[in-house]
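Hi,

Here is the structure I promised to pass on.

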Amino acid sequence: MSDILARITTAKIYPAIGIARVGNSPTEFFVGPERVGETSSPQGGFKDAQGRMKRQAARFRIFGYDSEGHLVREITRKDAAITWTVHLANKKAAWKQFKGLDGNRPLRNKTVTDRSSLIIDPGARTIVGPHQSASFDTGAFMGQPVPLGEMRTDDDGRLLVLGGFGKSGSPGRKALPNYANNNGWYDDVSDGPVTARIRINGATADVSAVGAWVIVGPPDFAPPVGTTTTLYDTLLQKAIDASELKLPERPSFTKDIYPILARTIALKWVSEIAGSNHDFLSMVVPPPGAPAIRARIFDQLRHPTESGGGDMPMLLSDTEEENLTVTRRQYAMMKKWSDGDFVDDWNGSPIDPEITPDGLTRAALDACVGGPFYPGIEAGWLLRDVYTCSEPFRLDHTHVMAGDVTKQMALPWQADFYDCQSEGAFGWWPSQRPDAVFPETGGPQVPWTRGLVKSKKTMVEHWWELGVVATRGEKCVETERKP
């Protein structure tokens, strides 16, 4: 055993929460973002040659730490024998109906006595070494097989988790009357724990790595467009509230302020409501910007705990009654920035130059919506308000089981994707499910679903034909749409 490896006393899996996404291409996939600020398109685009959506894989790595908690290095197959175990499940049909923040709703499919028949659970799978794979293909919904994807290892022994193929259906051919609660229906999103055991070269015993979690969600149809408050921001506030995390008092412009500004500005590419209303935010990039402009931007924010404030971001809240707020930490950081009390560390790019353990977690969660949770896209308010973490961002495997994170979500997800278009003065999740887009061929902004989707049923059938928003020069435009 080398001197460096001998220093390792603890191993952890990162990202703490990884994000995979469904797609209907049977062979092609891409890996989700791994560096903070990274939003580039995969090689060859988001669809295969037949126009089918590629799945997004979540890649997990293991990092070794010394006895004082300092990072030593990433551990790969060159350093150790690695055994990966993943358990995916979908519990939506057996869980409670979703209706806002009411946790006491009746069960979905409440007349079905065999509740286990509603849970798609193929059980855990384990693989050892590089270039191995295992499929989550033995689960079923009311007797109908429903594959949930597979797990693989790459050249270095890192883990790749790929989810289902975007298949939603009803064995009894039930209707789709509701945006979230459709009895007799299934989909193939899922979630569950990711664990590993390692035996470092020269060691005589295995070491258990601190486990992670994977969420398999719907596709992100606008990857370069983030939302003002991401799932990372929401779970960061959760960690702060639990006194698990202490952060620098002065905000970093690059890490704390710029993401809020850039993501809010970019909403114009996917929402007519956002339009050019927030273009003036760009007047403070590069920093510091005029004090009057910084104050004007701050005044646009709605206060997270008190009444008053502006309409930024122009998105609905969990209750549908008012606009979404940023987190308390985001609000406090924006206040300090407005007052000129911030670290001017801007170098012209928000992208981290290197892959880091914490950066892997943030990169994954920054691509997810942190609200509104009605019910949300990748996860709902159970993750924010109920489930416990063993450390920041890391779910406690003794209290959360496979399928628990996604069980609250819309069933099937396409029903909510159809219904949750912009409403009145605010939108829902245009950063994942665009409301309006600019076609790559030019012309004015047009509805994203035009001509392809006219109902929940047709969203189930045609979701993969819809366009994906990608960066083209200084614009974000709709690409790869079925003609």
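Before the details: this is a predicted model, so to read it, note that local features need pLDDT of at least 70, side-chain atom pairs count only at pLDDT 80 or more, and totals for chains, interfaces and linings use all residues. Residues are numbered from 1 along each chain as its sequence is written, and side-chain values use heavy atoms, with hydrogens and water left out.

I'll start with the hairpins. Helices (H or I, at least four residues) and strands (E, at least two) are DSSP runs, numbered from the N terminus, and two strands pair if DSSP finds at least two bridges between them. In the hairpin of S4 and S5, five residues sit between the strands, and Gly 69 has a positive phi near 85°. S4 (residues 55-65) and S5 (residues 71-75) run antiparallel, joined by four bridges, and Ile 62 is found opposite Ile 75 of S5.

The other hairpin has two residues between S19 and S20, with Gly 473 at a positive phi near 65°. Five bridges pair S19 (residues 468-472) with S20 (residues 475-479) in the antiparallel sense; Val 468 has Thr 479 of S20 as its bridge partner.

Now the helices. The axes (lines fitted to C-alpha atoms, for helices over the stretch in contact, with angles from 0 to 180 degrees between N-to-C directions) of H3 (residues 253-266) and H5 (residues 328-338) come within 10 Å and cross at roughly 100°. H3 and H5 are therefore roughly perpendicular (65 to 115 degrees). Contact means heavy atoms within 4.5 Å, and here H3 brings Phe 253, Asp 256, Ile 257, Ile 260, Leu 261 and Arg 263, while H5 brings Arg 329, Gln 330, Met 333, Met 334 and Trp 337.

What else does H5 pack against with its buried residues? Those residues pack against H2 (231-241), H3 and H4 (291-299). Buried means under 20% relative accessible area (1.4 Å probe, protein chains only), and in H5 that covers Arg 329, Gln 330, Tyr 331, Met 333, Met 334, Trp 337 and Ser 338. After H5 comes Gly 340, with a positive phi near 85°.

Last, the cysteines. Cys 420 counts as buried, at 6% relative accessibility.

Cheers

Definitions and conventions. Angles under 35 degrees count as roughly parallel, over 145 as roughly antiparallel, 65 to 115 as roughly perpendicular and the rest as oblique. Buried means under 20% relative accessible area, exposed over 50%, partly exposed in between (1.4 Å probe, protein chains only).
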